[in-house]
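Here are some notes to read with the model open beside you.

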Amino acid sequence: MALAFDEYGRPFIIIKEQEQKTRLRGLDAQKANISAGRSVARILRTSLGPKGMDKMLSSPDGDVTITNDGATILEQMDVDNQIAKLMVELSRSQDYEIGDGTTGVVVMAGSLLEQAEKLLERGIHPIRIAEGYELASRIAVEHLERIAHKFEFGENNIESLVQTCMTTLSSKIVNRCKRQLAEISVKAVLAVADLERKDVNLDLIKVDGKVGGKLEDTELIYGIVVDKDMSHPQMPKQIQDANIAILTCPFEPPKPKTKHKVDIDTVEKFEALRRQEHQYFDDMVQQCKDVGATLVICQWGFDDEANHLLMHRNLPAVRWVGGVELELIAIATGGRIVPRFQELTAEKLGKAGLVREKSFGTTKDRMLYIEHCANSRAVTVFIRGGNKMMIEETKRSIHDALCVARNLIRNNSIVYGGGSAEIACSIAVEAAADRYPGVEQYAIRAFADALDAIPMALAENSGLQPIETLSAVKSQQIKIPTRVMQENNPHCGIDCNDVGTTDMREQNVFETLIGKQQQVLLATQVVKMILKIDDVISAAEF
Amino acid sequence: MASMMQPQIILLKEGTDTSQGKAQLVSNINACTAVADVVRTTLGPRGMDKLIHDANGSVTISNDGATIMKLLDIVHPAAKILVDIAKSQDSEVVGDGTTTVVLLAAEFLREAKPFIEDGVHPQNLIRSYRTACNLAIDKVKSLATSIEGKSLEEKKSLLSKCAQTTLNSKLIGGEKEFFATMVVNAVIAIGTDDRLNMIGIKKVPGGNMRDSFLVDGVAFKKTFSYAGFEQQPKKFLNPKILLLNIELELKSEKENAEIRLSDPSQYQSIVDAEWNIIYEKLDKCVQSGAKVVLSRLAIGDLATQYFADRDIFCAGRVAEEDLQRVAAASGGTVQTTVNNVIDEVLGTCEVFEEKQVGNERFNIFSGCPSGRTATIVLRGGADQFIEEAERSLHDAIMIVRRALKNSTVVAGGGAIDMEISRYLRQHARSILGKSQLFINSYAKALEIIPRQLCDNAGFDATDVLNKLRQKHAHASGEGAPYGVDINTGGIADSFANFVWEPAVVKINAINAATEAACLVLSVDETVKNPKSESAQGDAAAMGGRGRGGAFRGGRGRGMRRR
């Protein structure tokens with residue numbers, strides 16, 4: 001890249017390795033950035049909505065992922081372009097914060113960029129465009145608030161939550177049994193939710209899966225599922241009213257951490273040592289027995305000798321349970337994690353109504369179910385499915401549904417889906433545009449056009465005529481004044497499933513308000529960042 | 001390119017006398033102007049950002065002059081001076097106005113160039129520039145308005161105006177009121193203390209920028225935790241906080257120590273002894289009455305479970321600066337032993353809570369007694385976005401601190417620059433001799449700020465500048481606070497529109513820019529050790545070849561110049 005020439009036309013060497021660097025500036029830089037951003041959005045566009053398609057991604061080491069989830073697709077694509085990376089991060093932040101709507105946010109940002117490009121061609125200053133977008137996003141967010149509904153739910157009245165989760169799941173591959181999965185998700189979230197603080201710690205929900213069975217076999221377990229089995233095949237497979245000792249010490253003679261060495265010089269001493277070792281095992285098992293434990297769960301392994309002894313003393317045990325699972329078991333059963341045998345007391349034992357080992361089909365795989373726990377604040381969603389990819393995708397879908405349920409607990413406002421909220425915002429923004437003097441007006445109008453992209457993509461993906469459908473729905477929104485609002489009817493959306501009505505209230509298609517607001521704000525933010533760049537300086541290899 | 005230049009280079013070799021200092025000087029000036037051109041477009045509320053890849057592939061998107069200059073990796077010796085002044089403006093002095101200072105320095109040089117070419121001795125120029133600089137600074141001081149003696153509320157709103165002016169040009173400009181208030185509150189919270197690291201900025205991707213919040217205390221990300229952590233209580237009111245710098249883990253006490261046992265029955269006693277050591281430590285922590293235990297080093301699984309049993313919250317491997325901040329906020333002191341922990345060394349705060357922020361869980365200490373710390377938790381849609389927001393907030397924090405200390409502000413938006421320019425022109429007319437010309441050109445150079453503001457916003461700079469000159473020429477002085485109106489493309493009273501900058505920023509910018517310009521002007525020959533250049537050429541073989549190509553033919557002169 002050449003920055004400057006002296007009077008004699010020779011370039012200055014100002015920057016290190018100047019010759020290798022390339023520089024793109026001004027309108028060219030913006031155009032290049034916009035087209036990078038748009039191409040990312042184009043990839044995701046077909047994944048939007050209930051009739052959206054899935055993407056198959058194969059990683060360098062041959063792992064195949066099939067997914068419909070925007071954030072996952074972008075993550076796996078391993079994007080190199082910086083602007084495209086911004087879009088990936090955009091989708092990721094929507095994922096972190098809301099967990100759902102990751103495709104929509106990218107599609108929206110893409111269409112905002114598309115509109116901005118047209119304005120740039122007309123010679124409007126990029127920052128003015130960005131400012132106009134920002135004004136428009138504020139109008140849209142306020143309007144969303146206006147058209148939002150609050151709904152009530154309680155421990156027993158979960159219907160509305162289930163409906164919202166179903167909207168999320170309907171675009172996924174699992175929509176076959178969305179009702180069931182939605183119920184599982186809502187129940188799981190309610191089980192761990194702190195309704196007073198409106199806080200949900202999703203860490204307490206474990207989502208696990210196993211290949212085999214069918215999707216309908218997916219279940220919610222009020223307790224923990226551990227991918228382990230009893231340490232000895234002859235131990236009982238089912239324990240009622242178990243008292244569980246949760247140990248982080250191995251069934252082994254204790255070892256000092258300091259380097260040590262035992263010098264044995266006589267046969268007597270050796271025998272003493274041998275006896276002592278045996279005594280240790282004996283004591284340990286006895287200590288567990290004494291406090292009334294009927295099941296031992298251990299973070300570490302144990303000797304065959306100890307194993308045999310446990311079996312002999314009729315004390316079932318599980319070994320090599322990971323730290324995270326151990327913690328969840330402790331929380332679920334109300335027990336305490338015990339670091340050494342001496343500290344074992346009856347109060348520190350966890351209680352579970354039923355512990356059973358379950359084997360699957362004809363395979364030898366077994367898993368341990370710990371159910372009916374004293375404190376059901378840790379739950380497990382256990383997914384079954386035909387193949388690994390299916391299970392992975394179901395996990396992602398359940399994650400989305402869990403996030404939606406969590407968001408509703410945080411804030412119980414909803415807007416209607418099917419693109420209806422976007423159309424309503426588009427109308428509101430369009431109307432507001434005329435009030436702004438100056439160049440921003442054009443940007444605000446462009447924003448309104450960009451909002452139409454989402455219903456348009458929905459219609460397109462559902463095989464409808466996009467323009468016809470959108471204009472029909474739009475005019476419906478304006479024409480039919482509802483009794484409550486006395487103005488426009490913001491509930492008309494795209495009838496993706498061909499039910500026959502465009503009223504999303506009848507179709508029960510809901511989305512969370514915060515999710516939608518977040519989409520608008522995040523997309524605007526990132527678009528502003530992209531528009532603001534007018535100079536790209538890069539080293540040659542990029 | 002090289003082929004095009006070929007004939008000229010041959011011409012050079014035959015004709016030009018390279019030992020002459022003038023050509024050297026001119027080429028230095030050109031280099032500086034070229035560098036300034038890179039950051040030129042970032043100035044002002046309509047300034048653009050730059051995206052820079054560096055050699056190892058990391059990417060920065062920034063609007064901050066100093067950051068861009070740093071990342072450009074400039075090797076030209078004269079141009080490096082500009083990088084240095086930008087850095088000094090950023091870190092040592094004020095933290096803002098980095099683009100301004102580079103632009104001014106380059107413009108002074110550009111104005112000097114025709115004089116140099118016409119054979120004026122550089123020292124003459126330097127002397128006049130220095131005089132002009134002093135006059136300009138005096139003028140800034142006389143124009144500055146003090147905000148001293150106002151009530152806290154009033155001061156707050158004035159300070160937030162200053163912060164808004166600097167945030168205007170940044171990516172987070174859309175939410176400038178929101179962030180300005182946040183910054184002002186944070187700065188006021190830490191008081192006049194000079195320790196800037198007491199304001200922590202934490203970045204959490206996700207959410208939108210309005211989700212950012214200020215904690216009047218300390219916040220840090222949940223540290224790595226062992227099993228048992230989730231069983232600890234996560235909220236306390238008025239807890240006692242114990243800060244440690246020791247490991248709470250079951251481990252060998254001494255490295256390389258070895259125990260030899262001859263009697264197997266002693267085995268248990270050794271094991272017990274080790275356990276006792278750690279239990280004793282833990283017990284002392286509990287005895288102290290602390291409810292929150294933080295350590296810079298690891299807190300092991302044993303300790304985590306021990307504390308969980310006793311309803312105590314603990315966090316190990318807390319970052320050094322976070323621990324220091326907690327210490328300052330809570331009034332505690334960091335202990336290196338658990339022996340003899342008295343009440344005085346324990347800190348406290350009103351509320352301690354572990355909270356979910358985006359995808360992370362955060363430990364938040366708020367309502368601290370000494371109130372000497374503040375933490376800003378930044379949210380944003382992308383990593384790059386938050387990085388840039390952090391840089392912008394850094395600028396704003398520095399500005400507010402400066403304004404709080406020196407308490408004088410001047411009108412921004414190019415108003416102050418126009419006023420100084422007018423004053424210098426007026427002054428120049430009273431001077432006999434060459435100096436008149438030089439000071440005049442210095443005055444002209446100052447106009448670059450409003451000119452660039454207009455250029456960046458896409459306005460007709462000449463037109464706006466003419467309007468400004470006319471306004472500032474009013475004898476009554478009422479036109480003094482008029483600057484560029486970025487929204488309409490006309491002129492407006494910057495002072496009344498609250499476009500304010502602390503006077504010290506401007507003074508420093510003028511001073512540093514003049515110094516840098518004088519420094520470049522006073523150099524007439526650069527001697528570069530040819531050996532080091534060849535070494536460099538080897539290290540960057542590609543670069544060396546490229547450079548060789550460009551200089552082919554004019555080698556002798558090229559070497560000497562550089």
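**Notes on the two chains**

1. Start with helix H3 (residues 82-97) of chain A: this helix lies across strand S18 (533-538) of chain A together with S1 and S2 of chain B, and runs at about 105° to S1(B). Here helices (H or I, at least four residues) and strands (E, at least two) are DSSP runs, numbered from the N terminus. Angles run from 0 to 180 degrees between N-to-C directions, with axes being lines fitted to C-alpha atoms, for helices over the stretch in contact; contact means heavy atoms within 4.5 Å.

2. Before going on, bear in mind that this is a predicted model, where local features need pLDDT of at least 70, side-chain atom pairs count only at pLDDT 80 or more, and totals for chains, interfaces and linings use all residues. Residues are numbered from 1 along each chain as its sequence is written, chains are lettered from A and ligands numbered from 1 in the order in which they are written, and side-chain values use heavy atoms, leaving out hydrogens and water.

3. Chain B has a helix there too: H3 (residues 65-72) of chain B lies across S18 of chain A together with S1 and S2 of chain B, at about 150° to S2(B).

4. Now the sheet itself. It's an open one of four strands, ordered S1(A)-S18(A)-S1(B)-S2(B), with mixed pairing (two strands pair if DSSP finds at least two bridges between them). Strand S1 (22-25) of chain A and strand S2 (59-62) of chain B stand at the edges with a single partner strand each, so one side of each has no neighbour in the sheet. From one strand to the next, the twist averages 10°.

5. Within chain B, strand S1 (residues 49-53) runs antiparallel to S2(B), and four bridges join them. Look for B:Lys50, whose bridge partner in S2(B) is B:Ser62.

6. How many residues of chain B are in contact with chain A? The count is 110, and they touch 86 residues of chain A. Seven salt bridges turn up across this interface (a side-chain nitrogen of Lys or Arg within 4 Å of a carboxyl oxygen of Asp or Glu). One to look at pairs A:Glu131 with B:Arg46, with the closest N and O atoms 3.0 Å apart.

7. Elsewhere in chain A, strand S8 (residues 238-247) and strand S13 (residues 350-359) run antiparallel, joined by six bridges. A:Asn243 has A:Lys351 as its bridge partner in S13(A). S13(A) also runs antiparallel to strand S14 (residues 366-373), through seven bridges.
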